[in-house]
Amino acid sequence: MPELDSPQRQTPDSLMLPGFWYRALPADRVVRNQLHQATLLEIPLVVGRDRRGHPFALRDACPHRGMPLHDGHFDGANVECPYHGWTFDAHSGQCRLIPSLTADQNLKVDRIYAGSYPCEEQDGFVWVYIPEPGPQGAGFTKSADPPQPAPQIEKFTAKYKLAYLTADMPVSVDHGIIGLMDPAHGPFVHQAWWWRSRHSIHEKQKNFEPIPNGFRMSAHTPSSNSAPYRLLRLYAAADSITTTIDFVLPNRRSETIRAGKFWFSSLTTVTPITRNHCRIDVVAAWNIFRWVPFGPELLKFVFAKFVEQDRRTMEMQAEGLKHNPHLMLIDDADRPAKWYFQLKAAHLESKRTGEEIKHPIPGPVTLKWRS
Ligand code: FES
Ligand SMILES: [Fe+2]
């Protein structure tokens, strides 16, 4: 089909995708022997850390009568429901004890499970794997192993620093993601006297290529407007600096900047919390500025500024979206957003048919826009 010249209507469906790992909470907020609440894809979770420090995630609802387990007692190994004291293994969710049972009642306690989810700590976050939902009305059993381990930030040396930023956005995961990959809002949203102004708008051209479950902005010399690039230029010749930006389903944008032996990597995720609420988490790792006293702080300051500008913008956008307006995506600036929706549709289609995902991007493409 030929590309339409007029803007295409391609509205977000706000559909959240199970079958992937999601960031639940920053690891430093999950304290040993305590219970914490989190929500992923509208699923209430209780997240904790056992006495050996290993994280776990259970559905925050007792299988007996639905009591939130986060209000219960945790002894470092088992979670006890505050209503009737049923006790569950924190990792497997298997029931260990039903205090009301008498000695001659032989209910098979160990066949009862609270919902449990695969859980891993990776690069400063507790990740939880959300499986495909089971048949309606079916109870929980032992959770199956996830098909792959939790995603990691790419690192190129043994020693590095790590920092994170997180921001709540009152919009669906789709708006969060297309906001993240949208190149045209920069000059308007991310203005700062020390950075750039809307008068710095100029034409840009970037090459993209398909990768499994996503697309890549091919290795290129980074935009002179990008924050880490400006700092990196202090350490390396401008033409030795290359950056690669990948997006992969369901929600991951990773950026790698390399300049000789120096590198800077980030993994940004947009996590669906509920239909109308997502959270952006940026985690960065780097081996530059380790000896510069203000390097990391400066970088964090710059990123925090950017994320806050995006958050404020999406808060305003949420006002407008309340009234369900017509929306449009235009070429080429919104082409990555179109790809996102096409990838999502292709993923759902492949799950429906059981066939391999039909990648919507046929081959390398050059996109042009002004920003
Ligand atoms: S509701 Fe949890 S033990 Fe009864
Ligand atoms: Fe932005």
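Me: Which residue stands opposite I245 in β15?
Reply: M217 does. Keep in mind that this is a predicted model.

Me: Which strand pairs with β15 there, and over how many bridges?
Reply: Strand β14, residues 214-220, pairs with β15 over 5 bridges. The sense is antiparallel.

Me: And β15 to β16, how many bridges?
Reply: There are 8 bridges between β15 and β16, and the two run antiparallel. One facing pair is T244 and T256, the latter in β16.

Me: How many residues of β15 are buried?
Reply: 6 of its 8 residues, so β15 counts as mostly covered, with buried meaning under 20% relative accessible area.

Me: Next strand along. How is β16 joined to β17?
Reply: Through 8 bridges, in an antiparallel run. β16 covers residues 252-259 and β17 covers residues 262-274. R252 has T269 in β17 as its bridge partner.

Me: Zoom out. What is the strand order of the open sheet?
Reply: The order is β12-β18-β17-β16-β15-β14-β13-β19. That makes 8 strands, with antiparallel pairing.

Me: Which are the edge strands?
Reply: β12 (161-169) and β19 (365-370). Each of these pairs on one side only.

Me: What is the average twist?
Reply: From one strand to the next, the twist averages 20 degrees.

Me: Which strands does α1 touch when it packs on the sheet?
Reply: α1 touches β15 (241-248), β16, β17 and β18 (277-286). The direction of α1 makes about 155 degrees with that of β17.

Me: Where do H185 and D310 sit?
Reply: H185 is in the loop between α1 (173-180) and α2 (186-189). D310 is in helix α4, residues 295-321.

Me: Are H185 and D310 buried or exposed?
Reply: Both H185 and D310 are buried.

Me: Now charges. How many salt bridges in the whole structure?
Reply: A search finds 20.

Me: Which side chains meet E308 in salt bridges?
Reply: R311 meets E308 at 3.0 Å, N to O. R312 meets E308 at 4.0 Å, N to O.

Me: Are E308 and R312 buried or partly exposed?
Reply: E308 is partly exposed at 30% relative accessibility. R312 is partly exposed too, at 45%.

Me: What about D331 and R335, what distance do they meet at?
Reply: Their salt bridge is 2.7 Å, N to O. D331 is partly exposed at 32%, whereas R335 is buried at 17%.

Me: Which residues form one network through shared partners?
Reply: E308, R311, R312 and E315, joined by salt bridges.

How values were computed:
Residues are numbered from 1 along each chain as its sequence is written. Chains are lettered from A and ligands numbered from 1 in the order in which they are written. This is a predicted model: local features need pLDDT of at least 70, side-chain atom pairs count only at pLDDT 80 or more; totals for chains, interfaces and linings use all residues. Side-chain values use heavy atoms; hydrogens and water are left out. Helices (H or I, at least four residues) and strands (E, at least two) are DSSP runs, numbered from the N terminus. Buried means under 20% relative accessible area, exposed over 50%, partly exposed in between (1.4 Å probe, protein chains only). Two strands pair if DSSP finds at least two bridges between them. Axes are lines fitted to C-alpha atoms, for helices over the stretch in contact, and angles run from 0 to 180 degrees between N-to-C directions. Contact means heavy atoms within 4.5 Å.
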